[in-house]
Amino acid sequence: MRGDRVEITVDIGQGVQVFDIVATRAGRRVEVSSGRGMVEVAEVTRGGTPVRTARFMASRVVALVERPAEAVAGR
């Protein structure tokens with residue numbers, strides 16, 4: 001999945017904590033992948049090079065909301 005912004009809610013034992021992963025520059029995107037009990041969220045460049053990466057245990061993820069980039073009118 002790809003998007004401009006991803007919000008992840010994680011159970012930290014004494015409540016939940018919300019993390020925001022945002023594409024910081026034009027042309028970058030946020031990709032979400034999961035496997036082997038881990039959820040990985042990465043900001044990547046146009047060429048696919050990861051800039052920032054966050055990893056969470058899948059069993060602790062309560063919610064994952066992807067907010068895609070808004071379409072520009074006329075394009």
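Predicted model: local features only at pLDDT ≥ 70, side-chain atom pairs only at ≥ 80, totals over all residues.
**View 1. An open sheet built from three strands.** Here we look at an open sheet of 3 strands, arranged in the order β3-β2-β7 with antiparallel pairing. The edges are taken by β3 (16-22) and β7 (61-67); each has a single partner strand, so one side of each is left without a neighbour in the sheet. On average, neighbouring strands of this sheet are turned by 15 degrees against each other, direction ignored.

**View 2. Where β2 meets β7.** Let us step in to strand β2, which covers residues 5-11. The strands β2 and β7 run antiparallel and are joined by 6 bridges. Along the way, you will find Glu7 standing opposite Val65 in β7.

**View 3. The aromatic pair.** The structure holds 1 aromatic pair. Its partners are Phe19 and Phe56, with 5.2 Å from centre to centre and 50 degrees between the planes. The pair counts as tilted because its angle falls between the cut-offs of 30 degrees for stacked and 60 for edge-to-face. Phe19 belongs to strand β3 and Phe56 to strand β6 (residues 50-57), so the pair links distant parts of the chain, 37 residues apart.

View 4. Which of the two is buried, and which is partly exposed? Phe56 has 11% relative accessibility and therefore counts as buried, as this falls under the 20% cut-off. Phe19, with a relative accessible area of 28%, is partly exposed.

How values were computed. Residues numbered from 1 in each chain as written. Heavy atoms only, no water. Pairing = 2+ DSSP bridges. Helix = DSSP H or I, 4+ residues; strand = E, 2+ residues; numbered from the N terminus. Axes fitted to C-alpha atoms, helices over the stretch in contact; angles between N-to-C directions. Phe/Tyr/Trp six-rings, centres within 6.5 Å; stacked < 30°, edge-to-face > 60°. Buried < 20%, exposed > 50% of the residue type's maximum accessible area, 1.4 Å probe, protein only.
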